[in-house]
Amino acid sequence: MSTVTNTINGNHSPAPNSTASGKGARWVRLLSILVIVGSLLAITRLMPMGRLTDFLSAAVQDMGVWGPLVFALVYMLATIFMLPGSPLTLASGAIFGLAWGTAAVSVGSTTGAAMCFLIGRYFARRSVEQKMSGSKTFKAVDRAVSEGGWKIVALLRLSPAVPFNLQNYLYGLTAIRFWPCVLASWVAMLPGTFMYVYLGYIGRAGVAAAAGEGGGKTPAQWAMLGVGLLATIAVTIYVTKLARRAIARQTDNIDEATDISQDAAAKPAQKPASRWVTAVYAGSALLAVTLAGCAYVNQSAFKGLFGPPEATLTETYSDNPDGPSFDHSAFDTLLKQYVNEKGGVDYVGLQEKRDDLKAYIDRLAKAPFKDLGRDEKLALLINAYNAFTLEMILEHYDNGKLESIKDIPNQWSDERWIIAGNTFSLNQIEHEEVRPNFKEPRIHWALVCAAVGCPPLRAEAYTAAKLEKQLADQAKYVHSHDKWYRLDQADNTVYLTQLYNWYGGDFEQVAGSVLKYVSQYDPELKQILSEGQPPKVRWLDYDWSLNSQENIH
């Protein structure tokens with residue numbers, strides 16, 4: 001038998017003595033598929049897919065029904081430009097869920113395929129024909145479609161014998177009409193679409209559960225998700241197998257469409273083609289496992305690409321009641337005079353006292369940091385970070401023309417700030433000196449990057465004696481203002497500052513999940529969580545405008 005499937009998949013009629021090896025090959029392929037799926041799920045959990053999908057979700061969550069439509073448009077463009085669709089399909093499941101995710105991908109892929117059909121038929125036919133003129137695949141597909149019409153299109157869509165992107169343009173060169181081709185493609189692509197969307201959905205569900213976001217699934221619920229995933233994969237594989245057989249039956253009499261002779265096709269010596277297919281499956285499984293291993297080893301580095309690096313919060317320093325203290329009164333005076341009760345800074349007035357700020361910064365360079373107790377150290381680091389940020393803003397203030405700290409080059413990575421004789425960047429102070437050495441996520445309400453979206457800058461300096469009360473006040477303030485937190489009970493949705501998104505791991509380390517941490521500041525949220533119906537999480541826009549008194553109302 002020389003068929004479309006023979007030409008494309010390299011399958012030939014098995015010799016009688018090849019039955020055992022054929023069964024073995026099928027088992028290898030099945031196990032390879034399971035390994036690939038498991039590795040994809042592991043990679044989804046290990047890499048910062050949560051941050052990435054949160055970013056995408058934030059971009060579309062306020063669009064309503066337009067969100068999936070915009071996504072479908074992006075998918076259509078990716079299809080036209082022959083870009084891989086699998087990542088987008090996985091992302092759709094993570095962002096929109098099963099129903100809307102499948103709908104968005106289905107609309108996007110079908111519309112994209114239709115556009116490719118029209119381009120292939122009316123705008124680029126000569127170019128595509130020239131490229132395909134020597135292709136055995138094209139000859140086989142062309143003859144098969146001429147004989148079987150939309151049935152062959154559907155079968156080829158179900159059985160990925162020809163790559164999706166290639167099919168889209170190929171059909172425009174055949175005799176099939178537009179609407180039968182589009183409708184057959186739409187229906188036949190649904191099983192594969194749903195499988196990839198399901199993978200994205202279950203991967204996102206795992207990330208959400210780990211973060212305490214609308215998850216909290218019971219073992220039974222996870223079992224159902226797992227069973228559903230396996231059933232989806234099994235059905236997809238089964239349908240693919242049926243489609244492959246149907247293609248063979250439909251095209252049994254078009255041997256002349258290929259350049260492979262009957263004698264060559266019949267020889268058992270050609271069986272290695274089938275072995276190559278099995279080898280590809282096994283090799284793909286090995287590659288997937290390798291990538292999962294790399295993701296495991298480098299998960300912290302990967303996560304740093306999409307936001308602040310992760311940190312293990314530990315208490316490195318001990319109290320030292322008999323140790324020295326550091327005098328922050330000069331900084332305290334400046335804050336009381338030029339910061340209002342809402343955290344807005346009078347930068348024009350502070351500019352006039354810049355010498356006093358510089359003098360305080362010079363004293364930080366000589367601070368006896370090693371001899372300070374735990375709370376003294378933390379108060380000093382918080383004040384230093386805030387003072388350095390204010391000084392950087394004044395350097396670039398330019399009579400009020402500076403609109404945001406993000407307009408300053410290398411604002412967080414410039415290693416120029418000195419504490420106790422050591423030079424740091426603002427990033428190093430936060431991610432290397434504070435977070436890993438203090439099991440205190442409330443520092444995220446105290447370190448202020450001069451943006452409106454930041455928690456408010458206190459109108460006083462932090463001190464060891466008042467540190468606990470000051471941090472508690474900051475946390476209470478943040479969770480009582482809509483700018484950083486609100487709970488919509490009617491919609492069962494909680495809106496959180498992006499700080500919870502960027503530093504979710506810090507809060508999980510002390511409370512188990514982000515929502516459990518937040519619930520200590522909101523009895524209503526705590527009640528909802530106790531009832532086993534965690535709310536959906538949405539991220540509030542982060543306003544990077546300068547935290548001047550004119551911008552904070």
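Predicted model: local features only at pLDDT ≥ 70, side-chain atom pairs only at ≥ 80, totals over all residues.
**Stop one: the patch.** Select Val65, Trp66, Leu69, Val70, Val74 and Trp100, and show the surface. Together they make a nonpolar patch with about 600 Å² of accessible area. Now color helix 4, residues 66–80: four residues of the patch come from there, the largest share. Tryptophan 66 belongs to that helix and counts as exposed because its relative accessible area, 56%, is over the 50% cut-off.

**Stop two: Phe71.** Stay on helix 4 and pick phenylalanine 71. This one is buried, at 10% relative accessible area. What does phenylalanine 71 touch, leaving aside residues up to four places away in sequence? Show Leu88, Ser92, Ile95, Phe96, Ala104 and Val105 to see its contacts. Leucine 88 sits 17 residues from phenylalanine 71 in sequence, with 8.8 Å between their C-alpha atoms.

**Stop three: helix 15.** The whole structure has twelve salt bridges. For one of them, select lysine 336 and aspartate 332, whose side chains meet at 2.7 Å, N to O. Both are in helix 15 (residues 329–338), four residues apart, or about one turn. Lysine 336 is partly exposed at 49%, while aspartate 332 is buried at 18%.

**Stop four: the network.** Finish with Arg458, Glu460, Lys466, Lys469 and Asp473, which salt bridges link into a network. Zoom in on arginine 458 and glutamate 460: their side chains pair at 2.7 Å, N to O, and both residues are buried. Then move to lysine 469 and aspartate 473, with their closest N and O atoms 2.9 Å apart. Here lysine 469 is exposed at 55% and aspartate 473 partly exposed at 30%.

Technical notes: Residues numbered from 1 in each chain as written. Heavy atoms only, no water. Patch = residues over 30% accessible without salt bridge, like charges linked within 9 Å, V, L, I, M, F, W, Y side chains within 5 Å. Areas by Shrake-Rupley, 256 points an atom, 1.4 Å probe, with all protein chains shown as cover. Salt bridge = Lys/Arg side-chain N within 4 Å of Asp/Glu carboxyl O. Helix = DSSP H or I, 4+ residues; strand = E, 2+ residues; numbered from the N terminus. Buried < 20%, exposed > 50% of the residue type's maximum accessible area, 1.4 Å probe, protein only. Contact = heavy atoms within 4.5 Å.
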